[in-house]
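Here are a few notes to go with the structure, written as numbered points. Have it open while you read.

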Amino acid sequence: MLCHCHSQQLFAHCCQPYLDGTQTPSTPLALMRSRYSAFVLGLGEYLLHSWHPDTKGGLTADELTTLGHNTEWLGLTIVFARGKVTDHVGMVEFKARYREDNRVVTLHERSNFAQLAGRWLYRDGLINPPKIGANQPCPCGATKNGTPKKYKHCCAKC
């Protein structure tokens, strides 16, 4: 079976090892994809466990499970991703499509991730982020020789 995150990989080799706890996502992108799969499967415990404690507020695993089960998830598209194993922060911009009240909705978010005790966690996100012009600084914050990289030379290539 192909993975729910639309990576075109087998579920057993993509998100399943993260969801069953046998592996830990090593990048923000891997965590983002596994969180999408967790929403599809209604795995509220995983979603809560992968949320940074500073920003999850009063969310409960039951609320996240209900949200996942009450939504028909239709697809995930990654716009760009930044963050390696050795980084402390990362970012993933994505579009998730789902059906709600007989209409298809697209959630477009630029998500921020941080490592805490060696684990990547979802921190927060900007819904419907503004479009980035080719010559604007890249939102991931990458620099070259201390100067912000332009979007067209950075994440636009991803």
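1. Where is Thr-86 found? Thr-86 sits in the loop between strand E1 (72–82) and strand E2 (89–100); helices (H or I, at least four residues) and strands (E, at least two) are DSSP runs numbered from the N terminus.

2. A word on the source: this is a predicted model, where local features need pLDDT of at least 70, side-chain atom pairs count only at pLDDT 80 or more, and totals for chains, interfaces and linings use all residues. Residues are numbered from 1 along each chain as its sequence is written, and side-chain values use heavy atoms, with hydrogens and water left out.

3. Back to Thr-86: its relative accessibility is 64%, so it counts as exposed (over 50%; buried is under 20%, partly exposed in between, with a 1.4 Å probe and protein chains only). Its C-alpha atom is 19 Å from that of Gly-146, 60 residues apart along the chain.

4. Now helix H2 (residues 28–41): 11 of its 14 residues are buried, so the rest of the structure largely encloses H2. Among the buried ones are Arg-33, Arg-35, Tyr-36 and Phe-39. After H2 comes Gly-42, with a positive phi near 70°.

5. H2 packs against helix H4 (residues 61–69) at about 75°, their axes 6 Å apart. That makes H2 roughly perpendicular to H4 (65 to 115 degrees). Phe-39, Val-40 and Leu-41 of H2 meet Leu-64, Leu-67, Gly-68 and His-69 of H4, contact meaning heavy atoms within 4.5 Å.

Methods. Axes are lines fitted to C-alpha atoms, for helices over the stretch in contact, and angles run from 0 to 180 degrees between N-to-C directions. Angles under 35 degrees count as roughly parallel, over 145 as roughly antiparallel, 65 to 115 as roughly perpendicular and the rest as oblique.
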